[in-house]
Amino acid sequence: MITIDVIKRKTEGKSASRRLRLQNKFPAVIYCNTGSNICIELDHNMIANIVLNLDIYQEELFFTIDNVKYKVKVKSIQRHVFKPKIMHMDFFQI
């Protein structure tokens, strides 16, 4: 069981995502079963280590956003074409 503190994204779009990646972060989305999706930003190095060490598609993760816990699973990971970088992740709430 891994618990990660994450931050909601204030801005969305291509330029906001580029700014995040320059700060060694990347955008992600949590698809909630209530219908309202949550756009978040994640630290690249922390998530890259988790992805390397675990079978990330089988594990359940816990995200804490504004003192609310979300139980999520990885839906998809978008990686850079030739760099060892994660560009975007999608999660779904359990």
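The model is predicted: local features need pLDDT of at least 70 and side-chain atom pairs count only at pLDDT 80 or more, whereas totals for chains, interfaces and linings use all residues. Residues are numbered from 1 along each chain as its sequence is written, and side-chain values use heavy atoms, with hydrogens and water left out. Helices (H or I, at least four residues) and strands (E, at least two) are DSSP runs, numbered from the N terminus.

Along the principal axes, the C-alpha atoms fill a box of roughly 30 × 30 × 20 Å. The accessible surface comes to about 6100 Å², of which 49% belongs to carbon and sulfur atoms; areas come from the Shrake-Rupley method with a 1.4 Å probe, and for residues only the protein chains shown count as cover. Of the 94 residues, 41% count as buried (buried means under 20% relative accessible area, exposed over 50%, and partly exposed in between, with a 1.4 Å probe and protein chains only). Among contacts with a separation of 6 or more, 45% join residues 24 or more positions apart, contact meaning heavy atoms within 4.5 Å.

The largest pocket holds about 160 Å³ of space. On a 1 Å grid over the protein atoms alone, a pocket is an open set of points where a 1.4 Å probe fits, with protein on both sides within 12 Å along at least five of seven lines, and lining residues have an atom within 4 Å of a point. Grid points are joined across faces, edges and corners, and the volume is the space filled by probe spheres set on them. The lining consists of Arg-21, Asn-24, Lys-25, Phe-26, His-44, His-80, Lys-83, Lys-85, Ile-86 and Met-87. Strand 3 (25-31) and strand 7 (86-93) are the elements that give two or more residues to this lining. By class, the lining has 3 nonpolar, 3 polar and 4 charged residues (Ala, Val, Leu, Ile, Met, Phe, Trp, Tyr, Cys and Pro count as nonpolar, Asp, Glu, Lys and Arg as charged, and the others, Gly among them, as polar).

One of the lining residues, His-44, lies in helix 2 (residues 44-53). At 6% relative accessibility, His-44 counts as buried. Beyond four places in sequence, His-44 touches Asn-24, Lys-25, Phe-26, Pro-84, Lys-85 and Ile-86. Glu-41, in strand 4 (residues 38-43), is also buried, at 16% relative accessibility. Apart from neighbours within four places in sequence, Glu-41 is in contact with Val-6, Ile-7, Arg-9, Leu-20, Lys-25 and Phe-26. The C-alpha atoms of Glu-41 and Phe-26 are 5.7 Å apart, although 15 residues separate the two in sequence.

Most residues other than glycine have a negative phi. Asn-24, however, has a positive phi of about 65°; this residue lies in the loop between helix 1 (14-22) and strand 3 and is partly exposed, at 23% relative accessibility. Asn-67 likewise has a positive phi, near 65°. Asn-67 is found in the loop between strand 5 (61-65) and strand 6 (68-79) and is exposed, with a relative accessible area of 77%.
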